[in-house]
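Student: Hi! Could you walk me through this one while I have it open? I'd like to begin with the sheet.

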Amino acid sequence: MISAPDALHTASGEETLELERQYVLQNYSRYPLVLHRGKGCYVYDTSGNRYLDFIAGIGVNALGHAHPRIVKVIREQAALLIHSSNLYYHEFQGPLARKLTEVSGLARTFFTNSGTEAMEGALKMIRSHGNHASRHGAAKHEIISLENSFHGRTLGALSVTGQAKYRHDFEPLLQGVKFVPGNDVAALEAAFSESIAGMVLELIQGEGGIYPMSPEYVQKARELADRYNALLVFDEIQCGVGRPGTYFAFQRNKPDVLPDILVAAKPLACGLPLGAIVANEKAAAAIGPGMHGSTFGGGALPCRVALEFFDILEGLLPSIQQVGGYLHLMLNELARKHTFIKEVRGFGLMIGVEMEIPGKDMVLDALADGLLINCTHDTVLRFLPPYIITERDVDTALKVLGKIFAKQKGPAA
Ligand SMILES: Cc1ncc(COP(=O)(O)O)c(C=O)c1O
């Protein structure tokens with residue numbers, strides 16, 4: 001049996017849980033851990049116990065915790081200007097949009113507060129693009145999305161999320177969404193027609209269990225979107241912004257296949273809420289004055305932090321590839337020893353270990369041993385560590401995992 005970390009047995013730990021039970025909406029089933037602070041790749045609970053963080057706020061804390069340069073700009077900017085609304089300009093949205101253009105090859109950015117809001121905006125672009133095209137021909141309102149995908153929790157993003165378990169309580173959702181299996185070129189060709197206004201594609205399905213889309217499939221999606229005048233959206237909210245070892249997952253394929261719209265969020269502002277819709281001129285033309293907006297989106301504080309983050313990220317990309325490669329290799333070593341491990345998938349620092357047995361108790365075992373990981377789709381252990389981890393951190397994590405795997409009842413080779 002797993003014992004809860006000491007923090008839960010302190011007065012403040014018990015009280016935290018009790019207050020949440022009484023006053024917080026009961027939608028999360030949290031792990032038994034009350035966190036207090038973080039430094040580098042480690043977080044500490046309220047009793048001072050230390051945990052190696054290999055999930056990084058579900059892919060958010062790209063520079064770990066309390067990175068000195070991020071702390072410095074937050075301090076400086078908080079004392080200058082946190083929020084000013086989008087009624088006025090501030091000094092950081094323009095430079096950050098330019099940076100996103102430089103690193104993506106796209107043209108214009110709209111800033112949001114979260115991933116799902118970025119997806120909502122992208123869906124509005126698709127709808128508006130389809131409506132404009134419908135004025136000169138047949139109705140163009142349908143959207144293609146992938147089975148097993150995840151795009152967020154708001155109603156539009158849910159409508160294109162290809163997992164019934166997230167959708168069924170909230171139906172009816174947006175009409176006209178066609179789900180197709182990933183990496184199936186024939187099914188994709190069959191789904192496209194003149195009535196398709198856009199396609200949404202997660203290049204590495206994250207929540208769905210770390211499933212990458214093949215370069216051939218992505219190339220075919222681009223060709224079909226062009227042929228049928230549909231907007232192609234890449235959801236890089238989890239798999240983008242440095243995590244695959246390139247700025248974006250679409251840049252792993254050579255030559256790059258560009259989307260019309262890219263949505264990004266999680267690591268952009270190192271823990272402050274910031275998302276982005278980055279579009280080419282064709283997609284950007286679908287949104288005119290007054291058609292979209294946000295009170296908080298693109299505030300001075302998160303935009304300045306994101307600029308600082310991009311400054312640091314450039315130098316980190318080679319190490320993301322190298323340490324990610326090492327993590328992948330070492331997990332494959334473990335897979336050779338334990339036959340219940342079916343596959344190790346992913347790129348850079350986005351890796352999943354698919355098993356024949358459930359992973360939930362392993363996550364609790366890891367927590368008790370000072371390692372934070374996550375399990376998705378019941379049987380896939382998911383690793384989204386901060387970009388600053390070293391091979392030594394990987395060795396520490398693998399020691400814990402090796403111990404946990406050795407305890408499992410699955411057949412050992
Ligand atoms: C691929 C993908 N799209 C969209 C979202 C939604 O982002 P958020 O939780 O910031 O709304 C997520 C979140 O996990 C995601 O992984």
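Student: So what's the strand order in the open sheet of four strands?

Tutor: The order is β1-β2-β3-β15, and the pairing is mixed. Strands here are DSSP runs of E with at least two residues, helices are runs of H or I with at least four, and both are numbered from the N terminus. Two strands pair if DSSP finds at least two bridges between them. The edge strands, pairing on one side only, are β1 (35–39) and β15 (371–372).

Student: Before I go on, what kind of model is it?

Tutor: It is a predicted model: local features need pLDDT of at least 70, side-chain atom pairs count only at pLDDT 80 or more, and totals for chains, interfaces and linings use all residues. Residues are numbered from 1 along each chain as its sequence is written.

Student: Good. Do β2 and β3 run parallel or antiparallel?

Tutor: Antiparallel: three bridges join β2 (residues 42–45) to β3. Y42 has L52 of β3 as its bridge partner. The two strands form a hairpin with four residues between them, and G48 in that turn has a positive phi of about 90°.

Student: And β3 with β15, parallel or antiparallel?

Tutor: Those run parallel, with two bridges joining β3 (residues 50–53) to β15. L52 is bridged to L371 in β15, and D53 stands opposite L372 in β15.

Student: Where should I expect the side chains to point in a strand?

Tutor: In a regular strand they alternate between the two faces of the sheet.

Student: Switching topic: which residues are closest to the ligand?

Tutor: G115, T116, G152, I237 and Q238 are the closest, out of 15 residues that surround the ligand.

Student: What's the shell like by class?

Tutor: There are five nonpolar, seven polar and three charged residues around the ligand. Nonpolar covers Ala, Val, Leu, Ile, Met, Phe, Trp, Tyr, Cys and Pro; charged covers Asp, Glu, Lys and Arg; the others, Gly among them, are polar.

Student: Okay, zooming out. How is the chain divided into domains?

Tutor: Domain 1 is 6–63 + 329–407 and domain 2 is 93–298; such bounds come from an automatic or database domain assignment. The C-alpha centres of the two domains lie 29 Å apart.

Student: How many residues are in contact between them?

Tutor: 20 residues of domain 1 are in contact with 19 residues of domain 2. Contact means that the C-beta atoms, placed from the backbone, lie within 7 Å. On the side of domain 1 that touches domain 2, the elements giving two or more residues are α2 (56–59), β13 (341–347), β14 (350–355) and β17 (380–383). β14 gives the largest share, four residues. By class, that side has nine nonpolar, eight polar and three charged residues.

Student: What about I210, what's its phi?

Tutor: I210 has a positive phi of about 60° although it is not a glycine. The loop between β8 (204–205) and β9 (211–212) holds I210.

Student: Is I210 buried or exposed?

Tutor: I210 is buried, with 27 other C-beta atoms within 10 Å. The cut-offs are 20 or more other C-beta atoms within 10 Å for buried, 12 or fewer for exposed and partly exposed in between, with C-beta atoms placed from the backbone.

Student: And N183, where is that?

Tutor: N183 is in the loop between β6 and α8 (185–191). N183 has a positive phi of about 60° without being a glycine. With 16 other C-beta atoms within 10 Å, N183 is partly exposed.

Student: Last one: how many helices and strands are there in the chain?

Tutor: The protein chain has 13 helices and 17 strands. Buried residues make up 46% of its 413 residues.

Methods: A residue is near a molecule or strand if its C-beta atom, placed from the backbone, lies within 6 Å of it. Two residues are in contact if their C-beta atoms, placed from the backbone, lie within 7 Å.
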